[in-house]
Amino acid sequence: MHAGKDEEERRCFMEENIMKSSIKKRRMDSFPYLMCLPALILFFLFIILPFLDGLWTSFHQWDGFSPMKWNGFRNYRFTFTDPVFWQAMRNTFVYAFWVTIIKNILALTLAFFLVGDIRGKTLFRTGIYLPVTLSYVVIGILWVWIYNPTFGLLNNFLRGIGRESWILGWLSNSDIALYSVIVVDVWKWTGYHMVLYIAGLQGIGKELYEAADIDGASGPRKFFQITIPLLNSTIVVNVLMSITGAFVSNFDIVNVMTGGGPMHSTEVSLTYIVTTAFKYASVGKANAMSIILFAFVFAFGALQLRLMTRETDNE
């Protein structure tokens, strides 16, 4: 009788321990999700909810003050037939292409030289990174002064070296104004990407280069067969950040330096969207343009990420 009672107590004790372990396990499993919950709530409130609101607004006629009026797909039809919008989209793609190419080539080149043991490399790194810490407004005003055709530093420098034929209206000439703004964007962000490339280069073991030296590999061969493959993840991150930044973070610099002019030659998608919303009081049309821009950026970014990570996936 006592043996049966002891067996029953042992069984109850084991079941209780199993239940406690199960509860503890569930708590431990749910802990990471609970830690992520505040960030997810903020993401929903400030990203997902405004996006859905913008999507809903894009189907309405609205000036930002009066009641919204259902407009169907008229805003989208207007956007697809608006030549200025497509000129702005073309400028945005040109802007993104050249900014991405030049920034990454220049940043990788600087990182390659500054990762070695050279005198004053900390000073050089700091100087190159310094523009990253400045706001777009400060940089825009600074470069407007530099580009000024009358008292600007650039044209005065050209006069000083006897190259008056090279003097141009850097921001007033519609043929070169966009490229003048691209130079400023490259100047600001090259240091940021250089730091990422330096971190990637420092993670490559020196023994790999030593083994390549023993095999008699040349400098270019080591660069393309060791450095570039091992920097693949860093290159993907830098290129993706460059492209998305050039698409969705170019409003400030263009607005401060040119305001989209002259003759829409520097008009990018964001400046035209803001102009449509606040100058022309067409918030619905501006939201339709934003949705179209988002679709282009999402598709372009996903395609670029897939193409650049294909080799890694195959490995």
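Colleague: Is F73 buried or exposed?

Modeller: F73 is exposed, its relative accessible area being 54% (under 20% is buried, over 50% exposed and in between partly exposed, with a 1.4 Å probe and protein chains only). F59, in contrast, is buried at 17%. This is a predicted model, in which local features need pLDDT of at least 70 and side-chain atom pairs pLDDT 80 or more, while totals for chains, interfaces and linings use all residues. Residues are numbered from 1 along each chain as its sequence is written, and side-chain values use heavy atoms, without hydrogens or water.

Colleague: How many aromatic pairs does the whole structure hold, and how do F59 and F73 pair?

Modeller: Two numbers describe a ring pair: the distance of the centres and the angle of the planes. The search finds 23 aromatic pairs in the whole structure (Phe, Tyr or six-membered Trp rings with centres within 6.5 Å; planes under 30 degrees apart are stacked, over 60 edge-to-face, the rest tilted). F59 and F73 are edge-to-face, with 5.3 Å between centres and 90 degrees between planes. F59 sits in the loop between helix 1 (2–57) and strand 1 (60–61), and F73 in the loop between strand 2 (69–70) and helix 2 (74–80), so this pair ties together parts 14 residues apart in sequence (helices are DSSP runs of H or I with at least four residues, strands of E with at least two, numbered from the N terminus).

Colleague: Which parts of the chain does the pair of F93 and F247 tie together?

Modeller: F93 and F247 are also edge-to-face, at 5.0 Å and 80 degrees. F93 belongs to helix 3 (residues 83–114) and F247 to helix 10 (residues 232–248), so parts 154 residues apart in sequence are tied together. F93 is partly exposed at 29%, whereas F247 is buried at 1%.

Colleague: Which residues have the most contacts inside the largest nonpolar core?

Modeller: A nonpolar core joins buried Ala, Val, Leu, Ile, Met, Phe, Trp, Tyr and Cys residues through side-chain atoms within 4.5 Å. The largest one here has 56 residues, and Y95, I253 and M257 have the most contacts inside it. Elements giving two or more residues include helix 5 (136–147), helix 7 (177–202) and helix 13 (283–314). Helix 3 supplies the largest share, twelve residues.

Colleague: What does M257 touch?

Modeller: Leaving aside residues up to four places away in sequence, M257 touches G140, W143, V144, Y147, L171, V181 and V184 (heavy atoms within 4.5 Å).
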